[in-house]
Amino acid sequence: SPEASIGRIGYQWHSAEEVYASITPLLVRFKKHKRSKVPGAAIQWLMGQLRPMALGNVSFDTLRTRVEKEVSR
């Protein structure tokens with residue numbers, strides 16, 4: 001069945017608000033443990049952390065814009 005196939009690939013539905021709400025706590029965690037001095041490291045790390053939750057639920061372009069805005073605060 002389609003539902004079984006979706007479950008096997010690990011897809012989980014998340015609202016856009018739920019995905020966006022995860023940005024701030026992850027950014028706090030990054031800042032607490034960061035070791036990289038590479039510009040953009042926070043954005044890359046956040047996108048990597050949010051990717052599984054965002055996949056199939058929100059546009060990566062929109063998510064990146066939101067992440068960049070949060071990081072630049």
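Select H3 and H5: these helices pack at an angle of about 50°, with their axes 11 Å apart. (Axes are lines fitted to C-alpha atoms, for helices over the stretch in contact, and angles run from 0 to 180 degrees between N-to-C directions.) That angle makes H3 oblique to H5; under 35 degrees would count as roughly parallel, over 145 as roughly antiparallel, 65 to 115 as roughly perpendicular, and the rest is oblique. The crossing is right-handed, meaning the near helix is turned clockwise from the far one by less than a right angle.

Before going on, note that this is a predicted model: local features need pLDDT of at least 70, side-chain atom pairs count only at pLDDT 80 or more, and totals for chains, interfaces and linings use all residues. Residues are numbered from 1 along each chain as its sequence is written, and side-chain values use heavy atoms, with hydrogens and water left out.

H3 brings Ile23, Thr24 and Leu27, while H5 brings Leu63, Arg66, Val67, Glu70 and Val71; contact here means heavy atoms within 4.5 Å.

Stay on H3, residues 23-33. Helices are DSSP runs (H or I, at least four residues), numbered from the N terminus. Which residues of H3 are buried? Pick Ile23, Leu26, Leu27 and Phe30; buried means under 20% relative accessible area, exposed over 50% (1.4 Å probe, protein chains only). Look down the axis of H3: these buried residues fall within an arc of 100°, so they line one face of the helix.

Next, click Ile23. Leaving out residues up to four places away in sequence, Ile23 touches Leu46, Leu50, Leu63, Arg66, Val67 and Glu70. Ile23 also belongs to the largest nonpolar core, which has 16 residues; Ile23, Leu50, Val58, Leu63 and Val67 touch the most other members. (Such a core is a set of buried Ala, Val, Leu, Ile, Met, Phe, Trp, Tyr and Cys residues joined through side-chain atoms within 4.5 Å.) H2, H3, H4 and H5 each supply at least two residues of this core, and the largest share, seven residues, comes from H4.

Last stop: H4 and H5. Their axes come within 10 Å and cross at roughly 140°. Among the contacting residues are Leu46 and Leu50 of H4 and Leu63 and Val67 of H5.

Terms used
The arc is that of the directions from the helix axis to the C-beta atoms.
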